[in-house]
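Have the sequence and the 3D view open as you read.

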Amino acid sequence: MSRQPYRFPQARNPERGSGVFRLTVRNAMVPLDSEVKEECLREDLKFYFMNPCEKYRARHQIPWKLGLQILKIVMVTAQLVRFGLSNQLVVGFKEDNTVAFKHLFLKGYSGIDEDDYSCSVYTQEDTYESIFFAINQYHRLKDITLGTLGYGENEDNRIGLKVCKQHYKKEATFPSNETLNIDSDIEIDCVHLDLEAFSRNPQDWKNSSFFRLEFYRLLKVEISFQLKGIDLQTIHYRELPDCYVFQNTITFDNKAHSGKIKIYFDSDANIEECKDLNILGSTQKNTEYVLVFDAFVIVICLASLILCTRSIVLALRLRKRFLNFFLEKYKRRVCDADRWEFINGWYVLVIISDLMTIIGSILKMEIKAKNLTNYDLCSILLGTSTLFVWVGVIRYLGYFQTYNVLILTMQASLPKVLRFCACAGMIYLGYTFCGWIVLGPYHDKFQNLNTVAECLFSLVNGDDMFATFAQIQQKSVLVWLFSRLYLYSFISLFIYMILSLFIALITDSYDTIKKFQQNGFPETDLQEFLKECSSKEEYQNESSSLLSCVCCLRRKGSSDHLMLIN
């Protein structure tokens with residue numbers, strides 16, 4: 001009588017533990033033989049590489065991680081939208097106050113900044129008037145401002161204005177023969193004008209010798225002061241208001257001595273905890289609801305973090321079983337590609353996203369409670385985590401062959417694209433440095449390395465080409481000719497050659513994936529082992545992860561031939 005192959009009644013779930021399997025036969029515990037161990041391992045591997053729907057059909061295992069991820073997407077997105085609306089109020093309040101300060105303290109401000117500075121003056125009289133205008137406006141602030149502003153203490157813990165001037169050391173001058181002798185050492189003189197000085201002598205401070213400027217050696221005049229404000233618009237959105245400290249600085253820059261003094265206005269806003277808040281209504285209760293919601297998001301992300309970490313740990317245990325079995329039976333090691341198949345990259349992405357969401361939510365709760373004011377760090381954490389969460393949705397779309405083409409093509413082309421970009425980047429950097437040093441004095445877009453890189457990147461994408469050509473100054477014929485050769489060669493090289501090759505690499509990977517989907521993917525050791533399953537059920541070869549099979553393929557071919565395992 002021929003021996004029937006043994007079929008294990010129900011394979012053990014690899015996510016429920018590991019160890020030596022034992023079978024009860026006639027009330028006696030005996031070790032499983034090698035054939036049963038092999039069949040059990042094969043069943044565990046088959047189950048591990050199933051998608052959630054297949055696992056449910058196979059063993060009616062509820063896909064907890066899938067449901068949790070869907071809930072997390074909704075919760076994290078709602079949290080981000082709520083925080084984004086609150087952050088918009090903060091940014092809008094800062095920007096509105098900066099514009100208001102410029103109109104209040106800058107004489108003749110038109111409402112539009114001149115380049116990187118706010119406005120400029122060209123005569124000594126206009127310079128004095130602008131300085132005195134800013135000081136007088138500070139003194140009359142509470143009578144003229146429309147906002148909830150008050151005076152704040154400067155770095156010396158004094159309320160008032162601090163006026164400093166920088167100038168070269170004074171030496172002998174000889175205006176008759178148009179010579180000038182100045183010591184290059186810089187002197188700094190400062191004076192503090194408090195509110196008491198204004199009240200006692202409203203105009204006497206103007207006659208001080210400090211304000212007798214010697215423009216031929218003057219470098220700059222700097223007026224600094226602090227103002228306090230409160231953002232009351234948050235109350236309409238049922239949030240606690242924020243209190244701000246604005247460190248304002250007005251700089252009259254005369255370093256160039258070109259006959260033009262540039263006036264810069266800088267306002268640095270810091271959020272501080274409001275003291276003695278007494279707000280009636282439902283604002284406090286709404287804040288408590290938001291804190292509870294954030295705490296629930298943290299719990300959801302913590303559960304997702306634990307489940308994904310547990311899955312990775314169990315996958316590593318399963319991989320160890322497979323490696324040991326393969327080494328014992330076939331006397332050789334499994335290739336690196338098959339080793340990496342057990343590391344689910346999507347789980348790693350989810351873990352990173354969960355960690356960022358948990359930290360960002362804690363910061364958000366502290367900001368909501370007015371214990372912290374670091375909006376920028378919180379925005380980066382919550383924004384990046386939400387990005388990763390939505391990118392992770394592609395994993396579930398990848399279970400369908402039609403939607404899986406994008407992921408497969410990206411993964412297949414990524415190594416070649418990175419190598420190609422490394423080579424093209426060297427040429428790009430060369431053009432960047434060349435354009436900066438040659439065209440910088442004659443073109444606004446080439447004045448520093450950052451703007452040069454941005455300008456060249458926009459040219460690669462076909463943006464603003466004519467304006468870049470037209471804005472070059474024709475003061476030097478040699479530079480003008482060089483600019484034409486520079487721009488034409490860069491555009492021709494990157495658009496017609498490098499960009500076309502870049503697209504060709506991706507297209508080639510796409511064609512390879514389409515052929516594999518039609519004719520079948522090349523098989524690795526892991527797949528061949530799974531195909532030997534004694535079960536008559538058909539095993540699905542389509543997968544959610546794509547790995548290079550350079551060391552695994554048992555046929556000749558390009559290193560770009562890939563294999564997909566779920």
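**Salt bridges and a surface patch**

D508 is partly exposed, with a relative accessible area of 41%; buried means under 20%, exposed over 50%, and partly exposed in between (1.4 Å probe, protein chains only). This is a predicted model, in which local features need pLDDT of at least 70, side-chain atom pairs count only at pLDDT 80 or more, and totals for chains, interfaces and linings use all residues. Residues are numbered from 1 along each chain as its sequence is written, and side-chain values use heavy atoms, leaving out hydrogens and water.

**Salt bridges**

- A salt bridge is a side-chain nitrogen of Lys or Arg within 4 Å of a carboxyl oxygen of Asp or Glu, and by this rule the count comes to 7.
- D508 pairs with K416, their closest N and O atoms lying 3.4 Å apart.
- That pair links distant parts of the chain, 92 residues apart: D508 sits in helix α15 (residues 477–519) and K416 in helix α12.
- K416 counts as buried, at 11% relative accessibility.
- R217 forms a salt bridge with E214, with 2.4 Å between the closest N and O atoms; R217 is buried, whereas E214 is partly exposed.

**Nonpolar patch**

- M426, I427, L429, F433, W436, I437 and L449 form a nonpolar patch on the surface, with about 670 Å² of accessible area together.
- Patch members have over 30% relative accessible area and no salt bridge; nonpolar side chains (Val, Leu, Ile, Met, Phe, Trp, Tyr) are joined within 5 Å, and like charges within 9 Å.
- Areas come from the Shrake-Rupley method with a 1.4 Å probe; for residues, only the protein chains shown count as cover.
- Helix α12 (residues 405–439) gives the most to the patch, with 6 residues; helices are DSSP runs (H or I, at least four residues), numbered from the N terminus.

Definitions and conventions: Helices (H or I, at least four residues) and strands (E, at least two) are DSSP runs, numbered from the N terminus.
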